[in-house]
2 protein chains.
Amino acid sequence: MQKQVNCDIDVDLLLAWGATFHTYQRGHVLFCEGDLAHFYYQVVEGKIKMCNTNDEGREFIQGIFEPGESFGEPPLFDGGSYPASAVADEQCTIIRLRKENFLQLLKDNFEIHFCFTQTLARRLRYKSLMSKEISSYGPLHRVTTLLQEYKKGRGMKENELSKIELTRQQIADMTGLRVETVIRTIRQMQDAGNLKIEKGKVYF
Amino acid sequence: MQKQVNCDIDVDLLLAWGATFHTYQRGHVLFCEGDLAHFYYQVVEGKIKMCNTNDEGREFIQGIFEPGESFGEPPLFDGGSYPASAVADEQCTIIRLRKENFLQLLKDNFEIHFCFTQTLARRLRYKSLMSKEISSYGPLHRVTTLLQEYKKGRGMKENELSKIELTRQQIADMTGLRVETVIRTIRQMQDAGNLKIEKGKVYF
DNA sequence: CTTTTGATATGATCCAGATCATACTAACCT
DNA sequence: AGGTTAGTATGATCTGGATCATATCAAAAG
């Protein structure tokens, strides 16, 4: 059992370092796969989706970030470009801080720096888990694992049903499956009594 | 173009903090998926393979670590358990340091701490890349990307042929494909002039 | 040199999940 | 209420890569 560690930086502290707020409409692209990174980003309100789009326009969702979570950090540290694009999944507000200021902030503050190291470690764990799933298991196992991770990631209790705020399409794009396959798999899980569907919404 | 940043800790420094050397035979398991972490590990000689084994005994290789590289860090930071097992891929020597000492070392030394943050960021990038590949592309694309990453990761020049020190089976286990598929794909790449095969060895 | 072992090679068959097509449902808007 | 849209549902068909089977090759070991 792993407790939820939320590693966001205090908004007032960010503002003191010169951070600014920005609001975007659903669908707005904050940055693209391949771009260089200039800012540290943190979600204040709404949801940010980080994803790759392949040749044929199919999406792979690397992660969905909610209020309090930061996103797009790797390039700030390793100097490379973004491995995925960031898109506002609904209207949302973010706070961002210039890269140089962010790095200085870390240098001045061990606790915050260590917090980021922890965040990266957790992300790495999620990615290890999902790539294992995608490469070794079938739809049922993949979807089950994703749903479990989803619950764990938002501090929901393992043993009781929670409403899953993901569309079938999103689940598909996070597990490397097609919508139809996810829909069929979820129905199958319902038939087996592993989850509930109510007005199309999934409770797991 | 990304330059290779090697983020290992100086061996003498590790020894000063109480680290110890250990030698293992090919096949020795250093720790298992699910175990709790007690040590920081760094390869001195040989290769360490981190992998998951699924229900039917199929392997997924999360990474292969060579001299100078550290491995199995995430659980040291986030307090969770290992997401994969570590196995000596050939006879090898590693140096390890107790978790508490390692964390104190980071606390005392910003440069080293930041180096780890960078390492985690690079690993995260590799995983983002591979999970995108595995979920969105076919064998040809996946193998090509893996080979490119392999070269980049060891500072080989993009434009000239380098010998790839990976078996077809390893390539399969890193890309979520079967040996036969990898063999056929590599032949196909040879026919298309994208690589050379000499006595079974791949030059890319 | 011969044997053994681990890796590469290649054809034949099969099947889970993708793809295609079409319909239904829920929620929101005016 | 009717209309619009985004998401869910379900059947029919197709196919790329898995699986199975068997052969060959290369290097190490005896």
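**Exercise 1. Identify the residues that surround DNA strand D and state which element contributes most.**

Solution. In this predicted model, local features need pLDDT of at least 70 and side-chain atom pairs count only at pLDDT 80 or more, while totals for chains, interfaces and linings use all residues. Residues are numbered from 1 along each chain as its sequence is written, with chains lettered from A and ligands numbered from 1 in the order in which they are written.

Step 1. A residue is near a strand if its C-beta atom, placed from the backbone, lies within 6 Å of it. DNA strand D is surrounded by 19 residues, and Thr167(A), Arg168(A), Gly200(A), Gly138(B) and Thr181(B) are the closest.

Step 2. Helices (H or I, at least four residues) and strands (E, at least two) are DSSP runs, numbered from the N terminus. At least two residues each come from helix H6 (168–175) and H7 of chain A and from H7 of chain B. H7(A) gives the most, with 6 residues.

Step 3. Ala, Val, Leu, Ile, Met, Phe, Trp, Tyr, Cys and Pro count as nonpolar, Asp, Glu, Lys and Arg as charged, and the others, Gly among them, as polar. The surface near DNA strand D then has 6 nonpolar, 6 polar and 7 charged residues.

**Exercise 2. Carry out the analysis for DNA strand C.**

Solution. Step 1. Of the 19 residues around DNA strand C, those that come nearest are Gly138(A), Arg178(A), Thr181(A), Arg168(B) and Gly200(B). Two or more residues are given by each of helix H7 (179–191) of chain A, helix H6 (168–175) of chain B and helix H7 (179–191) of chain B.

Step 2. H7(B) supplies the largest share of this surface, 6 residues. By class, the surface near DNA strand C comprises 6 nonpolar, 6 polar and 7 charged residues.

**Exercise 3. Describe the side of chain B that touches chain A.**

Solution. Step 1. Residues are in contact if their C-beta atoms, placed from the backbone, lie within 7 Å. The contact takes 36 residues from chain B and 36 residues from chain A.

Step 2. On chain B, strand S5 (59–65), helix H2 (74–78) and helix H4 (110–136) give two or more residues. H4(B) gives the most, with 20 residues. This side has 14 nonpolar, 13 polar and 9 charged residues.

**Exercise 4. Determine how chain A is divided into domains.**

Solution. Step 1. The bounds, from an automatic or database domain assignment, are 11–124 for domain 1 and 138–203 for domain 2.

Step 2. The C-alpha centres of these two domains of chain A lie 26 Å apart.

Notes:
Two residues are in contact if their C-beta atoms, placed from the backbone, lie within 7 Å.
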